[in-house]
Amino acid sequence: MTKINVTVDGVSYVDEVEPRLLLVHYLREVVGKTGTPIGCDTSNCGACTVLMDGMSVKSCSVLAVQADGAEITTIEGLATNGEWHPLQKAFNAEHALQCGYCTPGMILAAADLLRDNPHPADKEIREGLEGNLCRCTGYENIVRAVRSAAQAGAGR
Ligand code: FES
Ligand code: FES
């Protein structure tokens with residue numbers, strides 16, 4: 001077992017974990033952040049995306065021990081004082097989800113995208129989210145939501 005100290009959604013956790021434990025399993029099963037779903041076992045779908053020190057990572061392709069000392073943001077930590085993040089508001093307003101399974105990962109990948117590029121063209125939004133798959137929406141409303149959130153200043 002290896003001791004790790006990870007900050008998740010602003011709260012510090014110290015835990016003993018097996019070196020092979022994946023970050024997504026640590027978040028869901030140890031920390032209880034079940035808002036981070038698992039959508040595949042091939043690192044393809046992006047449903048498990050979280051921010052690690054501000055950069056989006058697929059948490060099924062990161063070991064929990066690699067997050068030692070890091071700050072993790074999950075979908076559950078994105079709101080501020082009970083108010084949704086602009087991306088959450090935009091996904092809601094633009095009907096950018098149906099089943100919602102891909103949504104946490106989409107929103108966190110988009111947060112990383114807008115941090116690097118606050119005013120992306122639609123093509124850049126599509127490229128930025130190409131690691132995140134959605135089986136329901138056809139992507140049009142997702143792109144519209146990210147564009148709307150950018151216009152609302154989500155990337156600043
Ligand atoms: S569950 Fe991580 S990429 Fe699919
Ligand atoms: S809303 Fe169902 S997978 Fe995207």
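Modeller: Two strands pair if DSSP finds at least two bridges between them; strands (E, at least two residues) and helices (H or I, at least four) are DSSP runs, numbered from the N terminus. This is a predicted model, in which local features need pLDDT of at least 70 and side-chain atom pairs count only at pLDDT 80 or more, while totals for chains, interfaces and linings use all residues. Residues are numbered from 1 along each chain as its sequence is written, chains are lettered from A and ligands numbered from 1 in the order in which they are written, and side-chain values use heavy atoms, leaving out hydrogens and water.

Biologist: In which sense do β3 and β4 pair?

Modeller: They pair in the antiparallel sense, over four bridges, with β4 spanning residues 55–58. Within this pairing, L51 has S56 of β4 as its bridge partner. The two strands form a hairpin with two residues between them, and D53 in the turn has a positive phi of about 50°. β3 is also joined by two bridges to β5 (residues 71–73), again running antiparallel, and there M52 stands opposite I72.

Biologist: Which residues of β3 are buried on each side?

Modeller: Buried means under 20% relative accessible area, exposed over 50%, and partly exposed in between (1.4 Å probe, protein chains only). T49 and L51 are buried on one side of β3, and V50 and M52 on the other, so both faces are covered.

Biologist: Where is T36 found, and what does T36 touch?

Modeller: T36 lies in the loop between α1 (23–31) and β3 (49–52). T36 counts as buried because its relative accessible area is 2%. Leaving aside residues up to four places away in sequence, its contacts (heavy atoms within 4.5 Å) include V24, R28, V50 and E76.

Biologist: How many salt bridges does a search of the whole structure find?

Modeller: Side chains of opposite charge can pair when their charged atoms come close. The criterion is a side-chain nitrogen of Lys or Arg within 4 Å of a carboxyl oxygen of Asp or Glu. The search finds eight salt bridges. One of them joins D9 to K33, with closest N and O atoms 3.0 Å apart. This pair links distant parts of the chain, 24 residues apart: D9 is in the loop between β1 (2–8) and β2 (11–17), and K33 in the loop between α1 and β3. K33 is buried, at 13% relative accessibility.

Biologist: Is R20, the partner of E18, buried or exposed?

Modeller: R20 is exposed, because its relative accessible area is 66%, whereas E18 is partly exposed at 36%. Their closest N and O atoms are 2.8 Å apart.
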